[in-house]
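Student: I have a structure here that I have never looked at before. Could you go through it with me?

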Amino acid sequence: VIEGKSFSILWKASFVRLIFSYEVKPTARGSEVSCSAKVRGFLAWPVQWLLRKKIQKNLTHALTTMVKQLES
């Protein structure tokens, strides 16, 4: 994780792609880490519906970990 940079993680499975894009922005108090998740592919709608809460929970954990890395 580097301040001022962005990166994406792509996860592929049969007929589905999950794309997680992270961005680290400098702020007056330090850094702000944001993330967006996109589900693409033939089975995107059912996967998004089934995994929405799990994705949100895991993103919260991932962003918290990144913030700790940036603070140290």
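Student: Is Trp45 buried or exposed?

Tutor: Trp45 is exposed, with a relative accessible area of 64%, where exposed means over 50%, buried under 20% and partly exposed in between, using a 1.4 Å probe and protein chains only. This is a predicted model, in which local features need pLDDT of at least 70 and side-chain atom pairs count only at pLDDT 80 or more, while totals for chains, interfaces and linings use all residues. Residues are numbered from 1 along each chain as its sequence is written, and side-chain values use heavy atoms, with hydrogens and water left out.

Student: Where does Trp45 lie?

Tutor: Trp45 lies in helix H1, which covers residues 44-71; helices (H or I, at least four residues) and strands (E, at least two) are DSSP runs numbered from the N terminus.

Student: And which residues make the nonpolar surface patch?

Tutor: Trp45, Trp49, Leu50 and Leu51 make a nonpolar surface patch of about 540 Å². Accessible areas come from the Shrake-Rupley method with a 1.4 Å probe, and for residues only the protein chains shown count as cover.

Student: OK, the inside now: how many residues has the largest nonpolar core?

Tutor: The largest nonpolar core has 13 residues, and those with the most contacts inside it are Leu18, Phe20, Tyr22, Val33, Val39, Ile55 and Leu59. Such a core is a set of buried Ala, Val, Leu, Ile, Met, Phe, Trp, Tyr and Cys residues joined through side-chain atoms within 4.5 Å.

Student: Which elements give two or more residues to this core?

Tutor: They are strand E2 (16-27), strand E3 (30-40) and H1, and H1 gives the most, with six residues.

Student: What does Phe20 touch?

Tutor: Phe20 lies in strand E2 and counts as buried at 16% relative accessibility. Leaving aside neighbours within four places in sequence, Phe20 is in contact (heavy atoms within 4.5 Å) with Phe7, Ser8, Ile9, Cys35, Ser36, Ala37, Ile55 and Leu59.

Student: How many aromatic pairs are there in the whole structure?

Tutor: A search of the whole structure finds two, and one of them is formed by Phe7 and Tyr22, which are stacked at 5.1 Å centre to centre with 20° between the planes. Rings of Phe, Tyr and Trp (its six-membered ring) pair if their centres lie within 6.5 Å, and planes under 30 degrees apart count as stacked, over 60 as edge-to-face and the rest as tilted.

Student: Where do the partners sit in the chain?

Tutor: Phe7 is in strand E1 (residues 6-13) and Tyr22 in strand E2, 15 residues apart, and the pair links distant parts of the chain. Phe7 is partly exposed, with a relative accessible area of 30%, whereas Tyr22 is buried at 6%.

Student: Last topic: in what order do the elements run?

Tutor: From the N terminus on, they run β-β-β-α, for one helix and three strands. Of the 72 residues of the protein chain, 18% count as buried.

Methods:
Patch = residues over 30% accessible without salt bridge, like charges linked within 9 Å, V, L, I, M, F, W, Y side chains within 5 Å. Salt bridge = Lys/Arg side-chain N within 4 Å of Asp/Glu carboxyl O.
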